[in-house]
Amino acid sequence: MDEAIETPQKTFTCQLCGLSSPFTYYGQKPPNTRAIVLLEECFVTKDPFSPEKDKFLVLGSTCSLCSLCVCVSSDCSLFYTKRFCMQCVNKHLDQFPQQIQAELTKKQSSKAAVS
Amino acid sequence: MDSDRRRDSRSWDWDSPQCRSQLDEIFFRENDYIRAGSPEHKEFWAFFDRFQRFKIKREMSGSGFSGEEERGGKDKKTGTKDLGLPKEYDARYRINVSVFTRDVEERMGRSDQRSRQRSSGPGSQEISDFRLALLHFLDFSQKQSFGKLAKLRREQKNLPIFQYQDRILELVRLHPVVVVAGDTGCGKSTQVPQYLLSAGFSHIACTQPRRIACISLAKRVSFESLNQYGSKVGYQIRFETTRTTSTKLLFLTEGLLLRQIQQDESLDQYQVVIVDEVHERHLHCDFLLGVLRTLLKQRPNLRLILMSATINIKLFSEYFNSAPVLQVPGRLFPIQVIYQPIPPEEQASRSEKLDPRPYLRILQGIDQRYPPEERGDLLLFLSGVAEISTIQEACQIYATHTRRWIVLPLHSTLSLAQQDKVFDIAPPGVRKCIISTNIAETSVTIDGVRFVADSGKVKEMSFDPKAKMQRLQEFWISRASSEQRKGRAGRTGPGVCYRLYSESDYNAFAPYPVPEIHRVALDSLILQMKSMNLGDPLSFVFIDPPPSSSIQTAVTYLKQQGALDNRSELTSIGKLLAQLPVDVVIGKMLVLGSLFNLVEPMLTVAAALSVQSPFLRSSQQNPDCATARQPLHSNHGDPFTLLNTFNAWVEVKGERGGGSRKWCRRRGLEEQRLYEMVNLRRQFKELLKSHGLLESEETAPSGGDRAKRRERLTERRKLHQLKRDHEQQEGSKRKVLKLEEGQDGELSGSGSDTEERGRGRKDKKDRKEQDVDIQEVKFKLRHNVSELQEAVSVSQDLSSRQQALLKLLLCRGLYPQLALPDEHNTTRKDSDQVFHTRSKQGVVIHPTSVFSSDPEVLHVPEADSRDTGPDRKDSSKHQLLAFVTLLETNKPYLSNCVRVPALQALLLVSNSVDTNADCTRLVVDGWLELELKEPEEALRVLSTAISLRAEWERLLQAQLGQNQAGEASVQGLSRRNREKLSENLVRFLLYTEVVYSLQRLTALQTQNLYVGPQPESDSSYAETPDLSLLFPGADPKPDPIKGGLQVTSFFTYNCLTDSKDLYSECLRTFWSCPNCDLYMPLTPLERMHHEASCRPAGEKEQEEKESEGGRAGSSSMSALTRAYHCDVCNEDLTLTSTEILKHKRQHMYSAK
Ligand SMILES: [Zn+2]
Ligand SMILES: [Zn+2]
């Protein structure tokens, strides 16, 4: 048997929340997606929750401003024509449309209420 | 403005199926990301409807997506850079996916020009509306899946073991052996393998004591590592595997890993071995630890991780040279312990039924103290099935009265459907009361239990080596089990544990349960140790060595079974048996069956005897079931009833497919067991093939039937889809129980179609899918029904000859498990029939056996018998029972019995046959005495048996030897011999009409059985050196203990006390051989020997050819001549033994 320890899989790790998961593809055109194109370079894996084989799942991408590697969770990043990490969103909150600002304030206040 | 446009679009109706299918054709084609007809496609249209409704609502309320003007750019602060975001808000900017549809639009344009369908097709507005909905759908499903992933990661992080990840990996890198100890819920079983994987280890084996755990852990871990459809995480259990070459982590049973070590001594295929649940101390686990301990010396880079509950950790650490221990706290909620010992007046004495009052008080107490809105079920631990039904009955009355409880039993002899009910949900205001054996202590985990009531008792199987009997006895549990039971109350929230014993009782309990290795028969273990060259089992370093008497017993048993020789080395059949992952007895049957043309029925019987009985106990009393079962019964024995049942089931499967479920229900059969049988059967067949014991059939599929093959392929694809769908749904479909559940006994569970479904979102279609019989689907995927039918038809309607032979093979397989009917059975009631084994007197037949309802077939027919004294009957029709198990519960019971003709069977299978001088008195295995009337007949029957056995042995050895050498089979040559032998065996079994009496020896008789060794000077031994020449191959010599002459390994002549002198001339009678021209006065022994070696001329030639064919005629009688040096004439001669005899006699007479 070959005793060498195999190189670990390529792993995506969110630099904000620490979520980590192996990814199988990085880019804008995951395999077997036909007409579908991603509008940013993403870390992609096979969707483990779909019974079908060729479904993909976007794990995250890099912040268009600070290049931080972030997951797509709404706690960590936001996509609005581009990907922004939550740190950058907060820094530039005023430039985002009203809807988004309102949403974020609402979320923050509800979070505060919980903790 | 959108709405204006929409009004314009001509006759476009989003709800019309035609319109939708036009879009399907554009967006959801065969190769598209979403295919029309797929589940996702259905989801899309459901989403689409919601999306449209949402849009309309938005429009109506006037707050359209694009309604408000953005202030974004207006009050820009100095120093910040412009992000360049669009001025106008649009939800679609939040989606990071786009659907590239230029080709679609081009197509649209073309079809515009070509046809006038334009009016009914989707316009560009519809296309763009649709595309928008699709984008939102894709975004939505991404969010959904990512949400699941995030939740999963959160849960993993919250497991107590998570913080120890780095520490564990560090320990594993530094030490060859690491002990990870953690209680229920700490996550060790699912997480540790994943930590290893993510750290780059591959080739990881993780053993489990239970098969079911292998499957569920493999599923769980592969899910958690997001590799559900890959093959990097797999499982392998007896006869089933998902392992591939890319498997990095394999869950397997302890027994299976042992098998792998047997094949691959240094276990090079693994880098890391995890042994989980070591604290359970199963036989295989203890042994495995011993083997791994030895193996570590050869493989210093192998990593071993032991995982255990926090029980007796020191033991494991010390066994492995003080291996480091990592303790992980469990995750249990606080549990209040209430000691409620049973008052003396309610304590049942041994014979009485359990008093239900203490248990009822617990139910009442819960009702009084806890409001019904507060959820929480009760789990009640009792020792056994009888106890469960007593308490169940009482609790059910209370439950019917209060309407606040649903009472459910749980034990392994229930049907699976019935067992499965404990996982269903009680309706609001009602609690489940699950009354269970210790199966719920570790093997079965039920969520939602808040109360535990613990009787403190357990029934455990132990092996009594003296009586050669399994015994099911009730014991107090250990403190460890007690804690384990308690813990079941605190899995989902704080709980309460009622102990029906006092705290001082608890303190007096043993700290740990008795490990299995101290309780059970060690036959298989010793056999396996022998085949692994582990040396003397007595000196092997076990973690907790079994008593040496237990090892001795096993060695003796294996010798009796012919798996070990006198020097305790493996025989050739023993070597093979050690390779087969089945019980020694079953393995023997398979090997024997393969020799004759009885493979198919033997495969079925072997499989049937290896699984739990398909006949449900609960339906025993049901007269309808009994009637429906009647045609399946065979009064030859239970194995034949099982054979009939299996054959009939396969027939039903072939004709009606899924209808077999109903067929089984009507007969009170647990179909699951039949599925297990059919799988096992196939695997046995493969085993025999791989050991060269079965010719592999040439199953070249007839090329012409391409259409048929395609049909089968399509069907398989469909079946696979059904299986996948089923797996998808699994787990998410717990039913809500009805209050009436359990009220009308165990059979009520069968028609579950009326039960409501929990968690409202399931619709009718789901229910229909659920009705798919997944077992039937799996069956069809795994087996070719028509092939199976063919195989089975071979074993259907066995001729009486085949039946007789099959019985003999079963008997030889089961030997020495034989029982003698008591001589007074004819005068007893059916229910009082008594039997005796060699080591246990007064056993009865289990009520499930066919002989318990039909014992007359075991009686000696009056017409055929003569009473020749007290307790003594002369007949030619005596029978014995060969049985699979002897188990003592309240009585010692025999189960799975088959009846065999006594004299014939004993002569053909027993290990020791002793005779007097004229062979009219035979003692078999030192406990059965047969007295034959006619010396002439006695001699004939004995001599036939001896030559049959010799031939049988020769063919068996040839078959085994040939396969071990891996030679191409010389099947053709031996087939004729085998047919001949089976012919002769059958004739012997069916047409031997010798009158004899059959009885057990009394204790006194046993003491004075043998003449014992004779002094050298004794005149009757003067001729002994000559006699050794009479028996070629065998080495006949005076038996040093019994006296007399040991003729073959099983036959000792003239050693019984009433025997006359060995060669007294008065025993010689004139005899002429039918095969040669010999005519002379011979002693019985000489005559028998002559018969054994003198064959008809035709046969002789045959044999000579055979021995020329390569295989030197081994120990058998086939070597007809030998070099003989006669001292009298001082000449070297080559003579057959008969010729030597004649030659010697010549001198003898002339000398006198
Ligand atoms: Zn994150
Ligand atoms: Zn950023």
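I looked up Cys919(B) and found it buried, with a relative accessible area of 1%. Here buried means under 20% relative accessible area, exposed means over 50%, and partly exposed lies in between (1.4 Å probe, protein chains only). Phi of Cys919(B) is near 60°, a positive value in a residue other than glycine. I placed Cys919(B) in the loop between β25 (913–915) and β26 (921–924) of chain B. Helices (H or I, at least four residues) and strands (E, at least two) are DSSP runs, numbered from the N terminus.

I note that this is a predicted model, where local features need pLDDT of at least 70, side-chain atom pairs count only at pLDDT 80 or more, and totals for chains, interfaces and linings use all residues. Residues are numbered from 1 along each chain as its sequence is written, chains are lettered from A and ligands numbered from 1 in the order in which they are written, and side-chain values use heavy atoms, with hydrogens and water left out.

I checked Asn896(B) next. Its phi is near 55°, a positive value in a residue other than glycine. Asn896(B) sits in strand β24 (residues 892–901) of chain B. Asn896(B) is partly exposed, at 23% relative accessible area.

Which form does the peptide bond from Tyr815(B) to Pro816(B) take? I found it cis, with omega near 10°. Pro816(B) belongs to the loop between α30 (800–814) and β18 (818–821) of chain B.

**Salt bridges**

Side chains of opposite charge can pair when their charged atoms come close. I counted a salt bridge where a side-chain nitrogen of Lys or Arg is within 4 Å of a carboxyl oxygen of Asp or Glu. How many salt bridges are there over all chains? The count comes to 47.

I started in chain A. Lys107(A) forms a salt bridge with Asp75(A), and the closest N and O atoms are 3.6 Å apart. Lys107(A) lies in helix α2 (residues 98–114) of chain A and Asp75(A) in the loop between β7 (69–71) and β8 (77–80), so the pair ties together parts that are 32 residues apart in sequence. Lys107(A) is partly exposed at 28% relative accessible area, and Asp75(A) is partly exposed at 41%.

Then I looked across the chains. Arg94(B) forms a salt bridge with Glu103(A), the closest N and O atoms being 2.9 Å apart. This pair runs from the loop between α3 (39–60) and β1 (97–99) of chain B to helix α2 of chain A. Arg94(B) is partly exposed at 23% relative accessible area, and Glu103(A) is partly exposed at 40%.

Are Glu951(B) and Arg954(B) buried or exposed? Both are buried. Their side chains meet in a salt bridge (3.1 Å, N to O). Both lie in helix α33 (residues 935–965) of chain B, 3 residues apart, about one turn of the helix.

I also noted a network of salt bridges that links Glu346(B), Asp355(B), Arg357(B) and Arg361(B).

**A helix pair**

My last entry is on chain B. The axes of helix α7 (residues 188–198) and helix α8 (residues 211–224) of chain B come within 10 Å and cross at roughly 50°. Axes are lines fitted to C-alpha atoms, for helices over the stretch in contact, and angles run from 0 to 180 degrees between N-to-C directions. The contact (heavy atoms within 4.5 Å) is made by Ser189(B), Thr190(B), Gln191(B) and Gln194(B) of α7(B) and Leu217(B), Arg220(B), Val221(B) and Glu224(B) of α8(B).
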